[in-house]
Amino acid sequence: MKRIRWRHGVVLESGCESASGKTAWRISLNNQCHWYEELPEGRTECERRISMRKNAVGLASFLLLLVAAVIGSCAKPYHEETERYYFVATNINLPYWQEAQAGFLDAAKALGVKAEMVGPVTYDPGAEAGVFRDLVEKQPAGICLSAARPEFFKANIDKAIAEGIPVICVDADVPDSKRVLYIGTDNVRAGRESVKQMAAHAPRGNIVVITIPGQRNLDDRLAGVADALKNFPALKLTKILDDKGDWRNAFDQISDLILKKEKIDGIICLEASGGSGAADALNRFDLSGKLPIVAFDKDPKTLELIEKGAISSTIAQKPYVMSYYGLKLLDDLHHNAVKEFKDWRTAPAPPAPGWVDTGTAVVDKSNLAAFREAMAALPKP
């Protein structure tokens, strides 16, 4: 009687003896018959050879992976251990700059590089210029700069570029320098938007503007205000106040105007601190919510005052977006990632956009919750 034997899912048929007299098995594969001697340990010669082949393939694969690992370890890494990027600003404790710092550090984490925001904790353009000058001497991989006073930075920006250090202006530009590009708000357009918002709340009357004269981005916003007022002849710009980036100065100056019984029908703030200072001054004289305030940026205090009705709306910038892409573009420049020219340092034109407009958004009670949710979700520096 023919016996059938299974081994590892293959049909083995007994049928004869080998020349040595040992039992042999016929393996049915693709309708062909092959004769294999059954080994003493219970494995056929075929199985032993298959096992050896598997071991050989495994060993070869291991050796290939080992060689690849050795070659990879010898390859030069894209980012060097010494690479470090900086963001220089002034008054860096403001929520606005904390948001910018979060974007800068997020980009650094994504790229695997070191990054840091530095600068004075008060509005001090001179101190900020000193910080920037010292950084250039350290030869960093790249610098993002928000220049409080353009004239304080031009020479040192040009020096940095001459030494091969990419400089990108973020939020506040130094257009007469050799900086590679500007990333930030179209500030003239933002100034026009401030007037448009004011006209919706106070279509006629005397308007007071709070700003910091001499700071390029704020001067551009003021130019936008002046331009937009041509379309609203019933609105008159009567006062321009300098709060020096401190809400207390805005509070004191608006309070002084009220005490002097100056006619005020609306307040436009072109920098982040002025809105809360003006709102506190109106509250002091029981005028909260009775005069419209159009603020700038979306720090927590401003959003709280919008909820209370003390501030009508605010023009929100995108500091997180500015700094996030600022660092990524710095990294591309440092590594000459864009191959339009061999090296950006000697190229006839920088291989980058000249200006990246990150846009603005109007925040009021209708969309306040969505902006608060987004702010809460931002990573903390």
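Mentor: One term before we start. Two strands pair if DSSP finds at least two bridges between them. Helices (H or I, at least four residues) and strands (E, at least two) are DSSP runs, numbered from the N terminus.

Trainee: Okay. What sense do β10 and β11 pair in, and over how many bridges?
Mentor: Strand β10 (residues 205-211) and strand β11 (residues 235-242) pair in the parallel sense, over seven bridges. Ile-207 has Leu-237 as its bridge partner in β11.

Trainee: Where do these numbers come from?
Mentor: The model is predicted: local features need pLDDT of at least 70, side-chain atom pairs count only at pLDDT 80 or more, and totals for chains, interfaces and linings use all residues. Residues are numbered from 1 along each chain as its sequence is written, and side-chain values use heavy atoms, with hydrogens and water left out.

Trainee: Back to β10. Which other strand do four bridges join to β10?
Mentor: Strand β12 (residues 266-269), again by parallel bridges. There, Val-209 is partnered with Ile-268.

Trainee: How many residues of β10 are buried?
Mentor: Seven of its seven. Buried means under 20% relative accessible area, exposed over 50%, and partly exposed in between (1.4 Å probe, protein chains only).

Trainee: What do β10, helix α6 and β11 make?
Mentor: A right-handed β-α-β unit, with α6 covering residues 216-228. A crossover is right-handed if, with the strands pointing away from the viewer, the path from the first strand over the helix to the second runs clockwise.

Trainee: Which elements make up the unit with β5?
Mentor: β5, helix α2 (residues 95-111) and β6, and that unit is right-handed. Strand β5 (residues 84-88) has four of its five residues buried. Five bridges join β5 to β6 (residues 114-118), and the two run parallel. Tyr-86 has Glu-116 as its partner in β6. Four parallel bridges also link β5 to β7 (residues 142-145). There, Tyr-85 is partnered with Gly-142.

Trainee: New topic. How many aromatic pairs are there in the whole structure?
Mentor: Eight. Rings of Phe, Tyr and Trp (its six-membered ring) pair if their centres lie within 6.5 Å; planes under 30 degrees apart count as stacked, over 60 as edge-to-face and the rest as tilted. Take Phe-87 and Phe-104: their centres are 5.5 Å apart and their planes at 85 degrees, so the pair is edge-to-face.

Trainee: Which parts does that pair tie together?
Mentor: Phe-87 lies in β5 and Phe-104 in α2, so the pair ties together parts 17 residues apart in sequence.

Trainee: Are Phe-87 and Phe-104 buried or exposed?
Mentor: Phe-87 is buried, at 0% relative accessibility. Phe-104 is buried too, at 0%. One aromatic cluster is formed by Phe-87, Tyr-96, Trp-97 and Phe-104.

Trainee: And what about the cores? Which residues have the most contacts inside the largest nonpolar one?
Mentor: Phe-132, Ile-157, Ile-168, Ile-254 and Ile-267, in a core of 75 residues. A nonpolar core is a set of buried Ala, Val, Leu, Ile, Met, Phe, Trp, Tyr and Cys residues joined through side-chain atoms within 4.5 Å. Another core lies apart from it, with 17 residues, including Val-195 and Ile-207.

Trainee: What does Ile-267 contact, beyond its neighbours within four places in sequence?
Mentor: Its contacts include Met-198, Ile-254, Leu-282 and Val-294. Contact means heavy atoms within 4.5 Å.

Trainee: Where does Ser-255 sit?
Mentor: In helix α7 (residues 247-259). Ser-255 is buried, at 2% relative accessibility. Leaving out residues up to four places away in sequence, Ser-255 touches Ala-281, Arg-284 and Phe-285.

Trainee: Last one. How many helices and strands does the protein chain have?
Mentor: Eleven helices and 16 strands. Of the chain's 381 residues, 46% count as buried.
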